[in-house]
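Please have a look at the sequence and the model before I start talking through them.

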Amino acid sequence: MLRVITREHYAEGTSSGYFYSDLFIPYFTFFILITCTITTSIHLNKNARWRTSLASGIVEASGNKASRKELKVVRMLTVVSTMFIVCLIPLSAVTTAVALQNDLGLQGPYFNIARIVYNFSFLMETVSSSMNPLVYYKMSSKYRKGILKLFKHTRE
């Protein structure tokens, strides 16, 4: 049965689901994102070194080019992941604070502070989503060529 939770019935609507949806999942997502970024970076760097050492006897320039390309991918992945985490930390922090401090909850005297932080957090989510295409455009020549080609065709 679905119903609207009002300030008067707030205690009835909160349950263990809040713990999973607002506390566990965001921090678990950060953990998975950091783990995958580090693992990918390590493997790309290891593969670049292996290719460079393998190609050093044959063609030095192509080995360095592949290494630079993979290093750019690692840098872009790290920048996008860091932006995502930094922009979503305020939301995770306020949901944790609301869970730990009842005064920030819907019935608490400091609810308006939590509301302001929530609004700021949603703005930061928007910034994170908006900045990704700019980062890709700046760091990826393939993406840049595709975007320029797309806009060139839309003008005609």
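I will go from the whole chain to a few single residues.

Before that, a word on how to read the values. This is a predicted model, in which local features need pLDDT of at least 70 and side-chain atom pairs count only at pLDDT 80 or more, while totals for chains, interfaces and linings use all residues. Residues are numbered from 1 along each chain as its sequence is written, and side-chain values use heavy atoms, with hydrogens and water left out.

Let me begin with confidence, given as pLDDT, which is the predictor's confidence in each residue on a scale from 0 to 100. The mean over the protein chain is 80, and 78% of the residues reach 70 or more. Where is confidence lowest, and where is it highest? It is lowest in helix α1, residues 10-13, with a mean of 52, and highest in helix α4, residues 111-139, at 90.

As for the fold, the protein chain has five helices and zero strands, so that reading along the sequence gives the pattern α-α-α-α-α. Helices here are DSSP runs of H or I with at least four residues, strands are runs of E with at least two, and both are numbered from the N terminus. The unreviewed UniProt entry annotates residues 24-44, 73-96 and 116-137 as "transmembrane region"; its positions are given in the numbering used here, feature names are shortened, and such annotations may be inferred rather than shown by experiment. In the model, residues 24-44 are 100% helix and 0% strand, with end C-alpha atoms 30 Å apart, and residues 116-137 are likewise 100% helix and 0% strand, with their end C-alpha atoms 32 Å apart.

Next comes burial, where buried means under 20% relative accessible area, exposed means over 50%, and partly exposed lies in between, using a 1.4 Å probe and protein chains only. Of the 156 residues in the protein chain, 24% count as buried.

Ser41 is in helix α2, and it counts as buried because its relative accessibility is 12%; leaving aside residues up to four places away in sequence, Ser41 touches Val74 and Thr78. Leu77 sits in helix α3 and is partly exposed, because its relative accessibility is 28%.

Beyond residues up to four places away in sequence, Met139 touches Lys72, Arg75, Met76, Val79 and Arg144.

Finally, please turn to Phe31, which is in helix α2, residues 16-55, and counts as exposed because its relative accessibility is 52%. Together with Tyr20, Phe24, Ile25, Phe28 and Ile32, Phe31 makes a nonpolar surface patch of about 610 Å². Patches are made of residues with over 30% relative accessible area and no salt bridge, where like charges are joined within 9 Å and nonpolar side chains (Val, Leu, Ile, Met, Phe, Trp, Tyr) within 5 Å. A salt bridge, in turn, is a side-chain nitrogen of Lys or Arg within 4 Å of a carboxyl oxygen of Asp or Glu, and accessible areas come from the Shrake-Rupley method with a 1.4 Å probe, only the protein chains shown counting as cover for residues.

Methods. Contact = heavy atoms within 4.5 Å.
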